[in-house]
Amino acid sequence: MAVDYAKCAREIFEILGGRSNLVSAAHCATRLRLVTVDNSKIDMKKLENIDGVKGVFSNNGQLQLIIGTGTVNKVYEEFLKVSGMTAATKEDVKAAAAAQQPIWKRMIKALGDVFVPILPAIVASGLMMGLVEALGKAIPSFAESDWYGILDLMANTAFTFLPILIAVSATRVFGGNIFLGAVVGMVMIHPNLLNAWSVGSMEASEIPVWQLFGFFKIRQVGYQGHVIPVVIAIWLMCKIEKWLHKHVPEMIDLFVTPLCTVLATSFITLGIIGPIFSTAESYVLEFAGWIITVGYGVGAMIMGALYPLTVVCGIHHMYNVIEAGMLSAADGINIWMPVASAANFAQGAACLAVGLKARNMKTKSVAIPSSLSAALGITEPAIFGVNLRFTKPLVCGMAGGAAGSLLASIFHIGATSYGVTGLPGFLITLDYTVQYAVVLAVSAGIAFALTWVLWKEESEESEKSEEKQETKQPEKTKTQDSAGQTLAEGVLFAPVTGNVIRREEIPDETFASGVLGDGVGIEPEIGEVVAPFDGEISSVTDTCHAVGITGPFEMEVLIHVGVDTVNMKGDGFHLLVKEGEKVKAGQKLLAFDLDKIKAAGYSTTTAVLLTNSDDFSAYKIVKTGKTNKMEKLLTVEQ
């Protein structure tokens, strides 16, 4: 029985609570995507029971109603009529959903968005730093060699210039000019400023200042190793830049806006943001120095839990001051190092649990090497790239760090140096080897176990698998093409014989921009389109020049023959399938006349686009250049 589109839309609208409870609405090929003011006002069971709605789930602030290919667009049209809303894109809905999130979630997401692109550099540097430092401690002669010098230089470069990397990435996230962002990052670590890591050993009176206007003082101190001040500075810079673009006359905007943006941001950062953050650092350090000595290990336990949060703030490098003070005392024992080591090792174990448990290959590829880096004492990749992003692993790691730090205090473990934690820490805790091993094992064991039990892959990491579970779809099986070849799920095979080109090279701005989804173009040699997988025809055009097909993993694919060929009104095209028809991989879908298309003055380039490419965690084009139909073209992962 056909769905009554108007009735379906009206019932959805009423159950959602009417216009006052709606923020935004859009649709993709199978789902109605909504952002509401308050989901708690909605009876989800009633929504699921509406004729035409196949499933309902909430994801990333969006309420998604699964309606189906070929039906959702018609229900959406009726929904706009009854609600009085205007059409929105999926990106509009995502933005509206993000704006509905609590501010702390938005802040954490922003940090994650800043750090994900620079993780490869941080992970590589972190691993290399840990290995080089470990070798230097194990082999004193190596530490004095030229090899150590050049490897150490290569290893610490990313961390030495970390503010610049963060500035560039943050500028992308906040929508500013990345080159201006890079300049602000450079200002914060300019060689004319004192290195932030060396300031802790200086008296306040020894730190030089610039005296401006007779009362405005700026300390000549850099921000090496810091995170939060850089992100705040770049956020401010982007706000200033956008404001200036709106208010500065266009004819002078080119030089006035960049100049004023950098000057204003630099003065505010060095004169206000920096000093405030430095004051906060001082309080944190005094607190840490006091609490580590609070009786019966309670203070150590608290600091073991809080330590990762100081890494987030970028002030953990300053603990070297505490450690140096301990080493210069009468007993010369560093009791801070085991606390930091327990905290770092626990975060690494939590990160490892995520890496082993995650189905998302991107998450695995970041989490596993980051956990190794944390085991060697470099935790930024694990904390910023994984644990902070997912929150629960961070908290589980804090629990493991607290337990390990309590043990370290009870065992009275002390180190003879500072600067290394984790596995390299065995080299400076030689009198406490067994106790130190127990501390690391307990820290890691608790953090790993808690993360394994409590953390579940978030919906944004596995939206498609959640969708299948919510709608109780049967598991898909592998299919075969007409020749009997087994076809794996998540693979799209070439529907056309010809030359594969990048999407950006398709001679049509709409296709090339990716607004209709990612994919490729194929310059055809034969006028024939076949099904790229087993699936269902989701749409056909009246002019027969394009066809939509939905298949494994709910891949939604548009195959559009030629550019502007809609103007040919079907002349030269012969459609062999109809909407809703089930097709097999390799089955012929339509035929077209290459010579007629060329004679009409149109490009024959055929767009093959995955219209819901943003629903997949991984997307990879595996074929370029000459291809035959049914050769593997691209793959996706959930």
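This is a predicted model: local features need pLDDT of at least 70, side-chain atom pairs count only at pLDDT 80 or more; totals for chains, interfaces and linings use all residues.
Helices and strands here are DSSP runs, numbered from the N terminus. The protein chain has an average pLDDT of 81, and 82% of the residues score at least 70. Residues 459-488 are another story: pLDDT is below 50 there, though the stretch still has 67 contacts in the model beyond near neighbours in sequence.

**Thr-606 and its surroundings**

- Thr-606 has a relative accessible area of 0%, and since anything under 20% counts as buried, this residue is buried.
- Setting aside neighbours within four places in sequence, Thr-606 touches Val-496, Val-520, Gly-521, Ile-522 and Pro-524, and also Ile-559, His-560, Val-561 and Gly-562.

**Helix 1**

- Helix 1 takes in residues 5-16, and its 12 residues should span 16 Å at 1.5 Å a residue; the end C-alpha atoms sit 17 Å apart, which agrees.
- Its buried residues are Cys-8, Ala-9, Ile-12, Phe-13, Ile-15 and Leu-16.
- Those buried residues pack against strand 1 (22-27), strand 2 (31-36) and strand 4 (62-66), plus helix 2 (44-48) and helix 3 (72-83).

**Helices 19 and 20**

- Helix 19 (residues 392-411) packs with helix 20 (residues 433-454) at an angle of about 155°, and their axes are 8 Å apart.
- Angles over 145 degrees count as roughly antiparallel, so that is how helix 19 and helix 20 run relative to each other.
- The crossing of helix 19 past helix 20 is right-handed.
- On the helix 19 side, the residues making the contact include Lys-392, Pro-393, Cys-396, Gly-397, Ala-399 and Gly-400.
- On the helix 20 side, Gln-435, Val-438, Val-439, Val-442 and Ser-443 are among them.

**Two loop residues with positive phi**

- His-412 is in the loop between helix 19 and helix 20.
- Its phi is near 55°, a positive value in a residue other than glycine.
- His-412 counts as exposed, because its relative accessibility is 61% and the cut-off is over 50%.
- Asp-564 belongs to the loop between strand 15 (556-560) and strand 16 (573-575).
- Phi of Asp-564 is near 65°, again a positive value in a residue other than glycine.
- With 42% relative accessibility, Asp-564 counts as partly exposed.

Terms used:
Residues are numbered from 1 along each chain as its sequence is written. Side-chain values use heavy atoms; hydrogens and water are left out. Helices (H or I, at least four residues) and strands (E, at least two) are DSSP runs, numbered from the N terminus. The expected span of a helix is 1.5 Å times one less than its number of residues. Buried means under 20% relative accessible area, exposed over 50%, partly exposed in between (1.4 Å probe, protein chains only). Contact means heavy atoms within 4.5 Å. pLDDT is the predictor's confidence in each residue, from 0 to 100. Axes are lines fitted to C-alpha atoms, for helices over the stretch in contact, and angles run from 0 to 180 degrees between N-to-C directions. Angles under 35 degrees count as roughly parallel, over 145 as roughly antiparallel, 65 to 115 as roughly perpendicular and the rest as oblique. A crossing is left-handed if the near helix is turned anticlockwise from the far one by less than a right angle, and right-handed if clockwise.
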